[in-house]
Amino acid sequence: NRGVIISPTGSGKTVLAGGVISMLPADSSAVFVVHTKSLFRQTVEEFMKWFGHVSVIGDNEFSIGRINVVMAQTARSLLTKEGRQTLDGEAFIDLLLNKTDAIIIDECHHITEENGQYSSMLKFCAAQVRLGLTATPAKGKAGLVCEGYIGPVIGEFSMEEGIEKGILAKPHIKLIPVPTNPSIESLWQFKDSFKENEYGKMEQVDGIYTAGIIKNKNRNRLIAKEIAAQNKAGISVLVMITDVTRGQAEQIKEMAAEIYDTNVEI
């Protein structure tokens, strides 16, 4: 009835939670807690496909039913001293104390403090079934706190098992050496700075990151070359950069088009 299940990212922890809920008696109530807005919406959509109706608590919505998807931040807000005095707060406490048979915490490694975001919710919750899902279990004191609220590790699905079963993709890592950039040898600051020029105006002085990464033409050309090579092999490509507003994305796009005849969208 209690414990943590370790399973890698992408292995289907939301599906696993749905499977657990589907095994509960028909008249029982479950609460599934997620910690980000995007995951909250994704979970609601998935659960709607499987269960038909799902109650949601979070992102300016509040409803209570048999299957409840809850955003952790909203739960914490409802359980503050001020939140408990609202109608939604009272209803949420009643759900946890009197109506919840099972509570499942996604990314339960966030349970790290005795008085943290999840603790008040778990202290109020009388559910006999408590499960935590995570890819990265907490260690040390944080791990003990998580075990105290949820239970010990009761199951583990490894990355290797996921790859063998075809659930997870086998990663292929390719390291591409970048030629030395002489323009950064004389730089000492990582971030950009400003100095006054001979006309009394402030002008930007590129830091190591800007010169060595954002404006590094040799490096950006290597990225464009790799995009073209993968694209030619029929593989779609996602390039992740820090900021698309500083010119690096445009430079990669232009190089890919002009040198390698490959279209890139920003």
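**Entry 1: strand 5 and its partners**

I looked up Val56 in this predicted model and found that Val56 stands opposite Val69 in strand 5. Strand 3, residues 55-58, pairs with strand 5 in the parallel sense, over 3 bridges. I then turned to strand 2, residues 30-34, which is joined to strand 5 by 5 bridges and also runs parallel to strand 5. Within that pairing I noted Val70 as the bridge partner of Val33.

Is strand 5 covered on one face or on both? I found both faces covered: Ile67, Val69 and Met71 are buried on one side, and Asn68 and Val70 are buried on the other.

**Entry 2: helix 1**

I listed the buried residues of helix 1 (residues 13-22) as Lys13, Thr14, Ala17, Gly18, Val20 and Ile21. Seen down the helix axis, these buried residues fall within an arc of 160°, so they line one face of helix 1. I also checked what covers them: strand 2, helix 2 (37-51), strand 5, strand 6 (102-106) and strand 7 (129-134) are included.

**Entry 3: nonpolar cores**

Which residues touch the most other members of the largest nonpolar core? Of its 27 residues, I found these to be Val33, Phe92, Ile103, Ile105, Ile111 and Met121. Among the elements that give two or more residues to this core are strand 1 (2-6), strand 2, helix 3 (72-78) and helix 7 (140-149). Helix 5 gives the most, with 4 residues.

Apart from neighbours within four places in sequence, Val33 is in contact with Val70, Ala72, Ile103, Ile104, Ile105, Asp106, Tyr118 and Met121. I also noted a second, separate core of 22 residues, which includes Ile21, Leu24, Ile67 and Val69.

**Entry 4: helix 10**

I checked the span of helix 10 (residues 217-232). Its 16 residues reach 22 Å from first C-alpha to last, close to the 22 Å expected at 1.5 Å a residue. At its start, a side-chain oxygen of Asn216 comes to within 3.3 Å of the backbone nitrogen of Asn218. Just after the helix, I recorded a positive phi of about 85° for Gly234.

The buried residues of helix 10 are Asn220, Ala224, Glu226, Ile227 and Ala228. I found them packed against helix 9 (208-214) and helix 11 (248-260).

**Entry 5: Ala224**

Why does Ala224 count as buried? Its relative accessibility is 0%, and buried means under 20%, so Ala224 qualifies. Leaving out neighbours within four places in sequence, I found Ala224 in contact with Ile252, Met255, Ala256 and Tyr260.

Note on methods. Residues are numbered from 1 along each chain as its sequence is written. This is a predicted model: local features need pLDDT of at least 70, side-chain atom pairs count only at pLDDT 80 or more; totals for chains, interfaces and linings use all residues. Side-chain values use heavy atoms; hydrogens and water are left out. Buried means under 20% relative accessible area, exposed over 50%, partly exposed in between (1.4 Å probe, protein chains only). Two strands pair if DSSP finds at least two bridges between them. The arc is that of the directions from the helix axis to the C-beta atoms. Contact means heavy atoms within 4.5 Å. A nonpolar core is a set of buried Ala, Val, Leu, Ile, Met, Phe, Trp, Tyr and Cys residues joined through side-chain atoms within 4.5 Å. The expected span of a helix is 1.5 Å times one less than its number of residues. A polar contact is a pair of N or O atoms within 3.5 Å; within protein, one must be able to donate a hydrogen and the other to accept it, and residues adjacent in sequence count only if both atoms are side-chain atoms.
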